[in-house]
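User: I'd like to learn how to read a protein structure. Please take me through the one below, feature by feature.

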Amino acid sequence: VGLSKKIMTSLEQVFFGAQCMVINKHVPSNGMYFIKKGLVHLMKEDGNVIRKLDANDSFAEGCLVEYWEKNPFLAQTASECELWTLKRSVFQQILVEFPRSRTLLKQINTKQNDEQYRRRASVHDALKAAERAKRNATRYIHPHSLFIQGWFGVILG
């Protein structure tokens, strides 16, 4: 079984009604979310929306590679949502089976933390960038959302 198949079969489908907290300020997130349907708002603790995400976007990928003592943002559904989640514990177990991927993701996460300016890229854009990188046979890191770019590069590589 390859890495991408292992990850895809490890995702869990979850549904949320409108105005539900996906990530709150009291419990640190323990997984990454992919939005299949619906609209999710990422907010500061004071409730100000900092980003609006919709289908094919993802969030909380950082908590897969590091434990969050406190969530850097809150996530609330703005409509009924179908999300797919990958739990940190499951992801860590997968990385044990694929040690090369673990090293690459640590390097990417370190690089991402060094960047001063990052912007969100949709999952669709990340897949396109990873496909371009594979065609060029070089390690490609898109300047937007480095972790997710690398993540999909590992999956498609």
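User: Let's pick one residue. Which residues does Val40 touch?

Analyst: Touching means contact, that is, heavy atoms within 4.5 Å. If you skip residues up to four places away in sequence, Val40 touches Ile35, Arg51, Lys52, Leu53, Phe59, Ala75, Gln76, Thr77, Ala78, Cys81 and Leu83. Keep in mind that this is a predicted model: local features need pLDDT of at least 70, side-chain atom pairs count only at pLDDT 80 or more, and totals for chains, interfaces and linings use all residues. Residues are numbered from 1 along each chain as its sequence is written, and side-chain values use heavy atoms, with hydrogens and water left out.

User: How many residues are in the largest nonpolar core?

Analyst: First, the idea: such a core is a set of buried Ala, Val, Leu, Ile, Met, Phe, Trp, Tyr and Cys residues joined through side-chain atoms within 4.5 Å. Buried means under 20% relative accessible area, exposed over 50%, and partly exposed in between (1.4 Å probe, protein chains only). Here the largest core has 15 residues, and Ile23, Val40, Phe59 and Leu83 have the most contacts inside it. The elements giving two or more residues to this core are strands E2 (21-23), E3, E4 (40-43) and E8. Another core lies apart from that one; it has eleven residues, including Leu3, Met32, Leu95 and Phe98.

User: In what order do the strands of the open sheet come?

Analyst: The four strands run E1-E8-E3-E6, with antiparallel pairing. At the edges are E1 (12-16) and E6 (58-59), each pairing on one side only. E3 (residues 31-37) is joined to E6 by two bridges, and Phe34 sits opposite Ser58 of E6. Helix H3 (residues 88-97) packs on the sheet, where it touches E3 and E8 (81-87), and its direction makes about 45 degrees with that of E8. For such angles, axes are lines fitted to C-alpha atoms (for helices, over the stretch in contact), and the range is 0 to 180 degrees between N-to-C directions.

User: How many residues lie between E4 and E5 in their hairpin?

Analyst: Five, and Gly47 in the turn has a positive phi of about 95 degrees. E4 and E5 run antiparallel, joined by four bridges; one thing to look for is His41, whose bridge partner in E5 is Lys52.

User: Where is Ala60, and is it buried or exposed?

Analyst: Ala60 is in the loop between E6 and helix H2 (62-65). It is buried, at 4% relative accessibility. Its phi is near 70 degrees, a positive value in a residue other than glycine. Asn56 also has a positive phi, near 75 degrees. Asn56 belongs to the loop between E5 (49-53) and E6 and is partly exposed, at 45%.

User: Which residues of H1 are buried?

Analyst: In H1 (residues 3-10), the buried ones are Leu3, Ile7 and Ser10. Their arc is only 65 degrees around the axis, which puts them on the same side of H1; the arc is that of the directions from the helix axis to the C-beta atoms. On the face turned away from that buried side you'll find exposed Lys5, Met8 and Thr9.

Notes
Two strands pair if DSSP finds at least two bridges between them.
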